[in-house]
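Please open the model in a viewer and keep the selection tool ready. The stops below are given in the order in which to select them.

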Amino acid sequence: MTSVMTGSQTPRFGHWPECTSTKGDNVIELARRFGFKLHDWQKFVLRYSLGEVPDEMNPGKKMWAAPQVGLVVPRRNGKTFILYMRILAGLFLFDEKIIYTSQDVPALEEAFNWLEDLLLDTTNPQSVLLRKKIKKIWKRSGKWEIILHSGACFKIKNRAKKPGRGLAIDLLIIDEAYCYTEENQAALEPALSTRPNPQIWYVSTPPLDAVTGQPFTRVRELGFNRTEGMAWFEWSTDASKPIDITDRKLWRQANPALGFLIRESTLASDVKKWPEDKFKRERLAVWPIEAGNNLVSAEAWNSVADPESQPAEDTEEKRTLFSIGVCAWQVKSKAHAAVTVWSEREDGLGHLEVIRTDPGVDWVPEYLAEMKEKYGEKLVAIGIDPQSPLKAAAFKFASLGLTIPENPEEPEFGDLAVMTGADWVAANSQFVSAVEDKSFRHRQFDPLDQAVTGAATRKTTSGIWVFDRARSEVDISPLTAGLIARWAYVTRKDSVGSGDYDLSDSFC
């Protein structure tokens, strides 16, 4: 008897805040009382998205540990039913004012009709019980809403029209977030700012391209950066590696409902008749990569990946040296910074590893000071690009002992290596050559992989191509910090502490 392939019940990438309790189990129990059976992956999302922590402003009360929730999963897996359960619980368990918004009007109407039919079902004891709490169901003149005696309410909003400024919202559900625009975001999200315990859900398949999906892509970056207050659940396929769309292990990884709602034979049929790009997006949830990186291909980058890579251990004959690279990326008022380490392995190849990436730049000086103390006289340099958003925090460096060499010809361990414009160009070229030559290995890390495959590039006046922070729609700070760490290591490892450092090395 042939066994049925079933989908993974845990996401390829998942992040959620720590919590003291969860209301997810309350929602699961509510579904049971209505006679609905949730799949394990749906229970997983509900439990970890509805975790609670103590409210600092109101002792004795609790608030959502994750005010923002993101869910990415291919179509027809049952993500909409999670939203239905979240809405039902928001109305009858949490007394929330809810807006459910989408660009797809039939989907909005389907959601409203499903909830209305459920609550008016006279054969379901739970429906009869909850219907006593309903004050009014309004469904005419383009105004569809359900209002309870408690003040909780549910409304649907078409994002193609003005979505409604000035509303007070406890729960905002953004379905089909792949086409959620900057204008939509500006109109809707401020409505949560004055509520005591708001939550916003972004739910979708991946965007059609890297341009139209910018707001959703930024939210995804928060999830991948493990940002405080963010829960992210993504069933998808890693776009940074070559993808074989016929690989059934990928079908299983991206489709949690495989073997339950989706038949393996259906995917086998789709993979033959659908265009590859459509299958990747609709069935494998492959995220679009920003076009323009003509310096490092995904295939080349994958060829130098080694998840087990590590620096060599010290020996009596030789100690292992390190360098640190730090850089930041910014779009509008939002900045992210990354810190990387470069060293050498036992086999003589270089080793690159991202050791921290977080929003903002204020945390960077103190962290660099900690790393300088940690590595001591094994830290050949801390490489930094003064033209990045890090300049906003540079005034803290000197007070923390982060300084340039007193004598440029005799740098000391842990001194700053500050890039010039020519250094930046050289560092980019050397890094690309190192990838082509396979002279180093990097520890795989999703934000770093996304930075490499999603980075925009530009041609300098000297005709050399470099990575372009300003035009990149993804956070490329892990990449630029990495190439800076390599540059700092190469230019100082043979001269630090010896007095024969030559600045011209930076221009090689």
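Select Phe34, Phe36, Phe81, Tyr84 and Trp114, which form one aromatic cluster. Rings of Phe, Tyr and Trp (its six-membered ring) count as a pair if their centres lie within 6.5 Å; planes under 30 degrees apart are stacked, over 60 edge-to-face, and the rest tilted. The count by this rule is 25 aromatic pairs.

Before going further, note that this is a predicted model, in which local features need pLDDT of at least 70 and side-chain atom pairs count only at pLDDT 80 or more, while totals for chains, interfaces and linings use all residues. Residues are numbered from 1 along each chain as its sequence is written, and side-chain values use heavy atoms, with hydrogens and water left out.

Helices (H or I, at least four residues) and strands (E, at least two) are DSSP runs, numbered from the N terminus. Trp301 counts as buried, at 1% relative accessibility, and Phe431 counts as buried at 1%. Buried means under 20% relative accessible area, exposed over 50%, and partly exposed in between (1.4 Å probe, protein chains only).

Then select Phe322 and Tyr375: the ring centres are 4.7 Å apart and the planes at 40°, so this pair is tilted. It also joins distant parts of the chain, from Phe322 in strand E13 (residues 322–331) to Tyr375 in helix H12 (residues 364–375), 53 residues apart. Phe322 is buried, with a relative accessible area of 9%, and Tyr375 is buried at 13%.

**Charges over rings**

Which ring lies under the charged end of Arg220? Show Trp287: the charged end of Arg220 sits over that ring, 4.2 Å from its centre. The rule asks for NZ of Lys or CZ of Arg within 6 Å of the ring centre and within 35 degrees of the ring normal. Arg356 lies over the face of Tyr367, at 5.1 Å from the ring centre.

**Nonpolar cores**

Select Leu88, Tyr100, Phe154 and Trp201, the residues with the most contacts inside the largest nonpolar core, which has 49 residues. Such a core is a set of buried Ala, Val, Leu, Ile, Met, Phe, Trp, Tyr and Cys residues joined through side-chain atoms within 4.5 Å. Helix H3 (residues 79–92) gives the largest share of this core, nine residues. Another core, of 41 residues, lies apart from it and includes Val354, Val425, Val432 and Ala481. In soluble globular proteins, nonpolar side chains tend to be buried together.

Stay on Tyr100 and show its surroundings. Leaving aside neighbours within four places in sequence, its contacts (heavy atoms within 4.5 Å) include Leu83, Ile87, Leu108, Phe154, Ile156 and Asp175.

Colour strand E6 (residues 97–102) and strand E9 (residues 153–158), which pair in the parallel sense over six bridges. Two strands pair if DSSP finds at least two bridges between them. Thr101 stands opposite Lys157 in E9. Strand E8 (residues 143–148) pairs with E9 in the antiparallel sense over three bridges, and Ile146 has Phe154 in E9 as its bridge partner. The hairpin of E8 and E9 has four residues between the strands, and Gly151 there takes a positive phi near 100°.

**A loop residue and an enclosed helix**

Move to Glu176, in the loop between strand E10 (171–175) and helix H6 (182–188). Is Glu176 buried or exposed? Glu176 counts as buried, at 12% relative accessibility. Beyond neighbours within four places in sequence, Glu176 contacts Arg75, Ser102, Arg159, Val203 and Ser204.

Now select helix H14 (residues 446–454): nine of its nine residues are buried, so this helix is largely enclosed by the rest of the structure.

**Confidence**

Last, colour by pLDDT, the predictor's confidence in each residue, from 0 to 100. The protein chain averages 88, and 93% of the residues score at least 70. Among the elements, helix H2 (residues 40–49) has the highest mean pLDDT (97) and strand E19 (residues 456–459) the lowest (78). Over residues 499–508 the pLDDT is below 50, and this stretch has 22 contacts in the model beyond near neighbours in sequence. Where pLDDT is low, the predicted coordinates should not be read in detail.
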